[in-house]
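Hi everyone, thanks for making time today.

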Amino acid sequence: MPNVNCRVLRDIKARKGVQQNELLRRAYLYVARDQRQPAQVRHQAQLQLNTFGKYTRPTTVKNRCTETGRGRGIMSEFGLCRTVFRAKARNHELPGVHKASW
Amino acid sequence: MTMANIAPSALAALTRVRCQIFQTAYNPASIRTGAKYLRKRLRGPSMMKYYPPYEQLSLAKLMKQYPEWDVVDEDEQIRLRDLDQRKKRGKGAPKKAKSMEDSRRSKRKR
């Protein structure tokens, strides 16, 4: 059972927000960054972009540990933090991962 | 014939034809078109898949779903009882300010 703390819930909220607003945000981004458009149109698009909430930006999404919810020391290929990664690797729960020895 | 001898207009025409053949955008001045925001894949669907799906079982949810079960949330009862006692001792939350002048915020030192 993964540990779902408030920070994970916040991250899930951000992910939902990003997914729901992504298409519209992209459209505004396209207009705002297009140098062929008149300056006024680009400015309006930028203002519209600013009206989106904090949790609609993809940069607010952070990959946390899927087991413990820890935010630092994440092995991105496994989505696990360093301690859980180590424990699982030692229990042979991660295929292809074993402790180095030479 | 070296590159220096070719007229710039001819080079531009060559580039235009090359763009037509290879189906790329002809953009000699390198103007930002914002096309990269349309070309990139949407990241939302893969972002939603990161955490494994979970179902959180809460007492409040259970009570709402099955009102006929008469489930009693003991912690909530204790909280309400304590709150009542605190209010009797005059330790409850302060009244909401009706206007900006009443609010403690305006009296706060900066």
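**Where the two chains meet**

Let's begin with a count: between chain B and chain A there are zero salt bridges, where a salt bridge is a side-chain nitrogen of Lys or Arg within 4 Å of a carboxyl oxygen of Asp or Glu. A word on what you are looking at: this is a predicted model, in which local features need pLDDT of at least 70 and side-chain atom pairs count only at pLDDT 80 or more, while totals for chains, interfaces and linings use all residues. Residues are numbered from 1 along each chain as its sequence is written, chains are lettered from A and ligands numbered from 1 in the order in which they are written, and side-chain values use heavy atoms, with hydrogens and water left out.

So what does join the chains? Polar contacts do turn up: 10 residue pairs, both at pLDDT 80 or more, are in polar contact between chain B and chain A. By that I mean a pair of N or O atoms within 3.5 Å; within protein, one must be able to donate a hydrogen and the other to accept it, and residues adjacent in sequence count only if both atoms are side-chain atoms.

Helices here are DSSP runs (H or I, at least four residues), as are strands (E, at least two), and both are numbered from the N terminus. The largest share, four residues, comes from α3(B). Sorted by class, this side of chain B has 12 nonpolar, three polar and four charged residues. For the classes, Ala, Val, Leu, Ile, Met, Phe, Trp, Tyr, Cys and Pro count as nonpolar, Asp, Glu, Lys and Arg as charged, and the others, Gly among them, as polar.

How much area do chain B and chain A bury between them? About 2,200 Å², with 66% of it on carbon and sulfur atoms. Buried area is the accessible area (1.4 Å probe) that two parts lose on being put together, summed over both. Three tyrosines deserve a look: B:Y37, B:Y50 and B:Y51 supply 32% of the area that chain B buries against chain A, more than any other three residues. In residues, the contact (heavy atoms within 4.5 Å) takes 19 from chain B and 28 from chain A.

**Chain B on its own**

Now turn to chain B, which has six helices and zero strands. Its radius of gyration is 35 Å, well over the 13 Å that the globule rule gives for 110 residues, so chain B is more spread out than a compact globule. The radius is taken over C-alpha atoms, and the rule is 2.2 Å times the number of residues to the power 0.38. Along its principal axes, the C-alpha trace of chain B spans about 100 × 50 × 20 Å. Of its 110 residues, 8% count as buried; buried means under 20% relative accessible area, exposed over 50%, and partly exposed in between (1.4 Å probe, protein chains only).

Please zoom in on helix α5 of chain B (residues 74–88), where B:R79 and B:E76 are three residues apart and so separated by about one helical turn. They form a salt bridge, with the closest N and O atoms 3.2 Å apart. B:R79 is partly exposed at 45%, and B:E76 is partly exposed at 32%.

First stop, A:V61, in the loop between α2 (39–51) and β1 (74–75) of chain A. Is A:V61 buried or exposed? With 15% relative accessibility, A:V61 counts as buried. Not counting residues up to four places away in sequence, A:V61 touches A:D11, A:A14, A:R15, A:V18 and, from the other chain, B:M47.

Next, A:E67 and A:K88 form a salt bridge, the closest N and O atoms being 3.6 Å apart. This pair links distant parts of the chain, 21 residues apart: A:E67 lies in the loop between α2 and β1, and A:K88 in helix α3 (residues 82–90).

Finally, A:N5 sits in the segment before α1 (6–33) of chain A. A:N5 is buried at 19% relative accessible area, and its side chain reaches the backbone nitrogen of A:V8 at 3.0 Å. Leaving aside neighbours within four places in sequence, A:N5 is in contact with A:T68 and A:G69.
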